[in-house]
Amino acid sequence: MQQKRRFNKINIEISNICNLQCSFCPPVEREKKMMSLEVFQSVIAQVAPMTDQVTLHLMGDPLVHPKLAEFLSICKAHQVPVFLVTNGVLMNEIKEELLLDPIIRQVNFSLHSFHDNYGDKDPSIYLAKIFRFTERAFAERPELYINYRLWNLDEPLGVGLQNRSMLERVCKHFDFSFNQDIDVRRNKSVRVKNRLHLHFDTEFTWPSLDLPALGVKGTCYGLSSHFGVLADGTVVPCCLDKEGKIPLGNVKEALIESILGNERSQTILNGFKNNKLTETLCQRCNYITRFN
């Protein structure tokens, strides 16, 4: 029986650059950066014994990185499964082959990003690439989980209507009947076929130091189920600290185990365990309301 790992996932941001700029995803204020192979190799070697899987983003789209194939090879060498999230716009035959690699456990396609960037443009070509990959996965990688993300079905209204249209195209292609009355706040995932699921949610407000404080009491899964490593090597406590406002240390200067054990990291973690938000950013994160 495999021993339970310390973390469910670790977000490793191989690039903070994205090919799109979605309204629901605030622009990155940090310097544009791509993680080097050397830093990635070091990080994977350190986290391999402690995590069930890694994601290759925090911000940015992993398909942007020109060395994605090498990153996947490093994950494979250390037997670390990959959970990959992409808008899918950059999908082509080469990237299709990469995403069918057995080291990848799950691929999430953010379909809602298309109309958010391209307005009323016909998504047929875009969807054809996603569908082709999915059909290949059914045949060649039946164990691969695939999620089609379709957020904001109802609001904002313009995007909602376009996303409903996208949903109808997906249902038609896979001959799937979707319950239009579904409450996406409660039923966030619906199985379509094999291991393909539709994933629903509503728009999320990213935490920012500019937002008003919501309180000092609350908890979070940061540092208990996951943490993040930004493209420049900065370790952050959770996947929502997109600007590195809670820097715990840098993997270029210290071992990850040491960073996770330092005073700031332990103060944050113990605070979460005792329903106390010790960091200013955490006090302004509306994700804590999901635990109420």
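**Stop 1: enclosed space**

Begin with the cavities: there are two of 30 Å³ or more. A cavity here is a set of points, on a 1 Å grid over the protein atoms alone, where a 1.4 Å probe fits but cannot get out. Grid points are joined across faces, edges and corners, and a volume is the space filled by probe spheres set on the points. Rolling a probe the size of a water molecule over the atoms shows where empty space is left.

Before going on, note that this is a predicted model, in which local features need pLDDT of at least 70, side-chain atom pairs count only at pLDDT 80 or more, and totals for chains, interfaces and linings use all residues. Residues are numbered from 1 along each chain as its sequence is written, and side-chain values use heavy atoms, with hydrogens and water left out.

Select Cys-220, Cys-238, Leu-240, Cys-282 and Cys-285. Of the 15 residues that line the largest cavity, these lie nearest its centre; lining residues have an atom within 4 Å of a point. The space inside is about 130 Å³. Its lining divides into 13 nonpolar residues, one polar and one charged. In this count Ala, Val, Leu, Ile, Met, Phe, Trp, Tyr, Cys and Pro are nonpolar, Asp, Glu, Lys and Arg are charged, and the others, Gly among them, are polar.

Now select Ala-137, Phe-138, Arg-141, Pro-142, Leu-144, Ile-146, Asn-194, Arg-195 and Leu-196. They line the second largest cavity, with a volume of about 30 Å³. Six of these lining residues are nonpolar, one is polar and two are charged.

**Stop 2: an open pocket**

A pocket is an open set of points with protein on both sides within 12 Å along at least five of seven lines. Select Glu-29, Pro-207, Ser-208, Leu-209 and Glu-243. They lie nearest the centre of the second largest pocket, which has 13 lining residues. About 200 Å³ of space lies in this pocket. Its lining has six nonpolar, one polar and six charged residues.

**Stop 3: the sheet**

Switch to cartoon view. Ten strands form an open sheet of mixed pairing, in the order β6-β7-β5-β4-β3-β2-β1-β8-β9-β10. The edge strands, β6 and β10 (249-250), each pair on one side only. Strands (E, at least two residues) and helices (H or I, at least four) are DSSP runs, numbered from the N terminus. Two strands pair if DSSP finds at least two bridges between them.

Select β8, residues 226-229. His-226 and Gly-228 on one side, and Phe-227 and Val-229 on the other, are all buried. Buried means under 20% relative accessible area, exposed over 50%, and partly exposed in between (1.4 Å probe, protein chains only).

Ile-12 has Val-229 as its bridge partner in β8.

Move to β5 and β7 (196-199), joined in parallel by four bridges. Ile-146 meets its bridge partner Leu-196 in β7.

**Stop 4: aromatic rings**

The structure holds 10 aromatic pairs. Rings of Phe, Tyr and Trp (its six-membered ring) pair if their centres lie within 6.5 Å; planes under 30 degrees apart count as stacked, over 60 as edge-to-face and the rest as tilted.

Select Phe-131 and Phe-174. They form an edge-to-face pair, 5.4 Å centre to centre with 85° between the planes. Phe-131 lies in helix α5 (residues 124-140) and Phe-174 in the loop between α6 (157-173) and β6 (189-193), so the pair ties together parts that are 43 residues apart in sequence. Both Phe-131 and Phe-174 are buried.

With Phe-174 it makes a tilted pair: 6.2 Å centre to centre, 55° between the planes. Tyr-148 is in strand β5 (residues 145-149), 26 residues from Phe-174. Tyr-148 is buried too.

Finish by selecting Phe-109, Phe-131, Phe-133, Phe-138, Tyr-148 and Phe-174, which form one aromatic cluster.
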